[in-house]
Amino acid sequence: MAGTPGPDAAAGGAPPEHGRAGGRGLVLAALGVVFGDIGTSPLYALHTVFSIDNGAVRPTPADVYGVISLMFWSITIIVSLKYVSVVMRADNGGEGGVMALAALAQRLYSRRATRPGLLLVLGIVGVSLFYGDSVITPAISVLSAVEGLEVAAPSLGNVVVPVAAVILTCLFAAQRFGTGKVGKLFGPITVLWFAALAAAGLHGMLKHPGVVRALSPSYAVLFAAAHPYISFVAMGAVVLVITGAEALYADMGHFGRAPIRRAWFFLVFPALTLNYLGQAALILEEPGAAENPFFLLLPSWSRLPMVVLATAATVIASQAVISGAFSLSRQAMQLGLLPPLTVRQTSEREGGQVYLPGVNAALFAGVLVIMLGFRSSERLATAYGVSVTGALIVDTLLLLVVARVLWQWQPWKLALAAVAFGGVEAVFLAANLSKVAHGGWLPLIIAALVFTVMTTWRSGRAIVTGNRKQKEGSLREFIDEIRERGVPRVPGTAVFPHPGKDTTPLALRANVEHNHVLHETVVIVSASTLNVPHVSPAEAFSVDDLGYGDDGIQYLSVSFGFSDRVSIPQALHSAHAAGLLDEGPVDLAHASYFLSRGAIRRTPAPGIARWRKALFVALAHNAADPAAYFDLPADRTVTMGSAVDI
């Protein structure tokens, strides 16, 4: 019976309906989640350019035209061309983000000479840098908006930080309701935000229509040639206009490629361009406006309402990176880079919409500490950029690796992409390295911590799995042994979740050794998550009688997609209804579930450093309950086993 597929019911339920290419609702929801980060950059990007390095960039026509040209072409090359037009084609079964890209590259090169493990490590670096960015974006975005109070009503300047803290608390508390519901709520607000950006920009351009010439790349070239050092310094702040590009890609699994592309080219990109041009026109007319060009661009009567709208928009900016962090965390968990985490599916139709309470709590704590520590968007800007540019470069490296095989790109095309994308990003990274001593160390430390956790879990898991297999012993030999011993059988059905059929579940071995009995029906279930969003019903199950068809012991392999609900009881019922389990007395309604779980003991054995062993044990201790992860009934689940060394 080995390899028998189940013809009817999928383990994780039917895959969601796919109508992403058209839905206006998805475009609106995508606007409410995906573009918040990059859409709020006008609040602080141009202001930061003219304040960086004690005002090295001056509000002169040459500098203003050069900076706007750099901004426009940075957005065009990195966001419009690289991410929206190219990288989003390299989805991993509909999922985006650096982990999906790394997994795709690993799969493409699994049979080649290149070591696929190195590609996964590169993905770990990328996702670690993304986490470093994720704790800064909500703080700097919300602070920059609420600081508009200091322009509209200077007497309220002392309430900026408390108000921002309350707003962020409400945002993180709302995550439990799901990305889709949050997106539907935020979508109309985002449309209004981008419409306001465009209107304000057009209003400013009327004062200086000639500013549109700054869209020519010649001004960027002339600016760099005339002032190489100043333009290099400016690039350290120009990078702020593309923050959110990686989150845009990471959120692709929530809404799909087409809605994101349409929203970008038809609304977001034009609105951003108009607003940056309007701010530039204002600075050309009033050089002193460089102190806060976004709010000073507005008529005085509209500044306070704009503070409210900007605050709502920056909450949406925070949502973009929060949703991206959820997606990347789940992908990392499925790839064995994080311990099992509690994952809650928040949409019946969109498999990528998930909520991870642990990740949400960790992000909230980090964001709040950083905001209370820096207390202003200007100070936070000094910490921003290093992790962002590092993550962009990792994406480019993985893109080139994927494009070489997936799209059969010729060497000249790879070289062109490396220069166009990687060259620009390398300049951004170099320009931001000077920030390391002034706050840029913060996201790098966060990234280093995430990298350490992921690599420690990966290495420790490999060691524990090896030691565990030695204790478990061969399953076939164990079955032969209990047949020879004539172990008594008792009525009932026992289910033993286990990674595979080569070794014996520790709980099964402990049950026989200590209780000297075996249930009449024994089902060993292996639940695996494939590197695709959903598994079709025909490919969900594989059954093996383990050599004997009359002993009531059988093995069931269940495959889930990483967007499917992992439920062993549901899978067993589906397999039984499909006639895949033996016709004997299988009583799934009253089945007992035996989890093989024992303590992990640290030993002096070689493998990884002692402090990493301690970290691994702590991570394992705080991992999600496997009973909850596999959706096992609490009143019929027993944990048995023995300690495993690391």
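How many residues does helix α18 have, and how far does α18 reach from its first C-alpha to its last? These close-ups of a predicted model start there.

**View 1. Helix α18 from end to end.** Helix α18 takes in residues 357-374, which makes 18 residues. From first C-alpha to last, α18 reaches 26 Å, close to the 26 Å expected at 1.5 Å a residue.

View 2. Look for the buried residues of α18: Val359, Asn360, Leu363, Val367, Ile370, Met371 and Phe374. They sit on the same side of α18 because they cover an arc of only 105° around the axis. As a rule, an α-helix has 3.6 residues a turn, so residues three or four places apart point the same way. Turned away from the buried side of α18 is a face with the exposed residues Ala362, Val369 and Gly373.

View 3. Setting aside neighbours within four places in sequence, Asn360 is in contact with Phe172, Gln175, Ile322, Phe326 and Tyr355.

View 4. The largest nonpolar core holds 165 residues, and Phe35, Met71, Trp193 and Trp264 are the ones touching the most other members. Zoom in on Met71 and you'll find that it touches Ala45, Leu46, Val49, Val238, Val241 and Tyr276, not counting residues up to four places away in sequence. There's also a second, separate core of 26 residues, with Val558, Leu572, Leu581 and Ala591 among them. In soluble globular proteins, nonpolar side chains tend to be buried together.

**View 5. The six-stranded sheet.** Which order do the strands of this open sheet follow? Reading across, the order is β5-β6-β4-β3-β7-β9, and the pairing is mixed. At the edges stand β5 (541-544) and β9 (637-640); each has a single partner strand, so one side of each is left without a neighbour in the sheet. From one strand to the next, the twist averages 25°.

**View 6. Strand β7 and its partners.** Four of the five residues of β7 (residues 592-596) are buried, so this strand is largely enclosed by the rest of the structure. Strand β3 (residues 489-497) runs parallel to β7, with two bridges between them; Ala494 has Ser592 in β7 as its bridge partner. The pairing of β7 with β9 is parallel too, with four bridges, and Phe594 stands opposite Val638 in β9.

**View 7. Two loop residues with positive phi.** Most residues other than glycine have a negative phi. Gln408 isn't a glycine, yet its phi is positive, about 55°. You'll find Gln408 in the loop between α20 (386-406) and α21 (411-432), where Gln408 is exposed at 53% relative accessible area. His516 is also a residue other than glycine with a positive phi, near 60°. The loop holding His516 lies between α24 (506-515) and β4 (518-530), and at 48% relative accessibility His516 counts as partly exposed.

Methods. Residues numbered from 1 in each chain as written. Predicted model: local features only at pLDDT ≥ 70, side-chain atom pairs only at ≥ 80, totals over all residues. Heavy atoms only, no water. Expected span 1.5 Å × (residues − 1). Buried < 20%, exposed > 50% of the residue type's maximum accessible area, 1.4 Å probe, protein only. Arc of directions from axis to C-beta. Core = buried A, V, L, I, M, F, W, Y, C linked by side-chain atoms within 4.5 Å. Contact = heavy atoms within 4.5 Å. Pairing = 2+ DSSP bridges. Axes fitted to C-alpha atoms, helices over the stretch in contact; angles between N-to-C directions.
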